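User: I am new to this one. Please show me how to read its features, step by step.

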Amino acid sequence: MTTPHSNNSRPLIRFATLADMDEIARIYAPYVATPITFDEGEVTPADFRQRFEATRRQFPWLVIEQGEGGHLLGYAYAHPQHEREAYQWNAETSIYLDADACGRGLGGILYDALLEILRLQGYTTAYALVTLPNAASEKLHDSRGFSHMGTQRTAGFTCGAWRDVAWLVKPLNECTPHPTPPVALDEYILCHQDQVAQLIAHANERIR
């Protein structure tokens, strides 16, 4: 699915493609040297291409770029919260911004678009894992309606110390007695192209 772009250099949100994985790896690289992510060592564009291909048909990957064809300012995506079938109504979300994009309100708009797509697909709950402390991420998730479900103490050893991880949760849809499985992203876009295009356009209208 393609999304119309304006002709100026204003940041724009769109769906990610394989061609974005080099830029996504670039944005992610500085985080690996911090406790924010539990990856150890370089995560290459090839690694991201593999992650993208494994999940993109079911889950959204969004990027925000500096105008049409410009460099990426950030990305957000979702993936299964757990592989077992009974967990299929849950999605785990992640968002990463380039240093130049932080503090501009772009992350909230990007995250809102991701969460709304998941809601439309039929996911009931979004989860996010945040290494503590991380005031910026905690503030972002709190502003988007996530609540603190609990803290996993000494969840991992990275950057020379044991780290706690907060489990954050946000309801997306009502949990009904006879739930229908979430619709795969590819299928949802195919059946609701105008709705999804309007969602992305609305997100872009919010960017100033």
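Analyst: Start at a turn. In the hairpin of β6 and β7, which has two residues between the strands, cysteine 159 takes a positive phi near 55 degrees. Strands (E, at least two residues) and helices (H or I, at least four) are DSSP runs, numbered from the N terminus. This is a predicted model: local features need pLDDT of at least 70, side-chain atom pairs count only at pLDDT 80 or more, and totals for chains, interfaces and linings use all residues. Residues are numbered from 1 along each chain as its sequence is written, and side-chain values use heavy atoms, with hydrogens and water left out.

User: In which sense do β6 and β7 pair, and over how many bridges?

Analyst: Strands of a sheet pair through backbone hydrogen bonds, either parallel or antiparallel. Two strands count as paired if DSSP finds at least two bridges between them. β6 and β7 (residues 161-171) pair in the antiparallel sense over eight bridges. Serine 147 stands opposite valine 169 in β7.

User: What is the order of the strands in the sheet?

Analyst: The order is β1-β2-β3-β4-β5-β7-β6, seven strands in an open sheet with mixed pairing. β1 and β6 (147-158) stand at the edges with a single partner strand each, so one side of each has no neighbour in the sheet. For a parallel pair, take β4 (residues 90-97) and β5 (residues 125-132), joined over three bridges. There, glutamate 92 has tyrosine 127 in β5 as its bridge partner.

User: Which strands does α6 touch where it packs on the sheet?

Analyst: α6 touches β1 and β2, and its direction makes about 160 degrees with that of β1. Such angles run from 0 to 180 degrees between N-to-C directions, with axes fitted as lines to C-alpha atoms, for helices over the stretch in contact. Contact means heavy atoms within 4.5 Å.

User: Which residues of α6 are buried?

Analyst: An α-helix has 3.6 residues a turn, so residues three or four places apart point the same way. In α6, Val196, Leu199, Ile200, Ala203 and Asn204 are buried (under 20% relative accessible area, with exposed over 50% and partly exposed in between, using a 1.4 Å probe and protein chains only). They cover an arc of only 135 degrees around the axis, which puts them on the same side of α6. That arc uses the directions from the helix axis to the C-beta atoms. On the other side, Asp194, Gln198 and Glu205 are exposed.

User: What covers the buried residues of α6?

Analyst: The cover includes β1 (11-15), β2 (61-66), α3 (106-121) and α5 (185-191).
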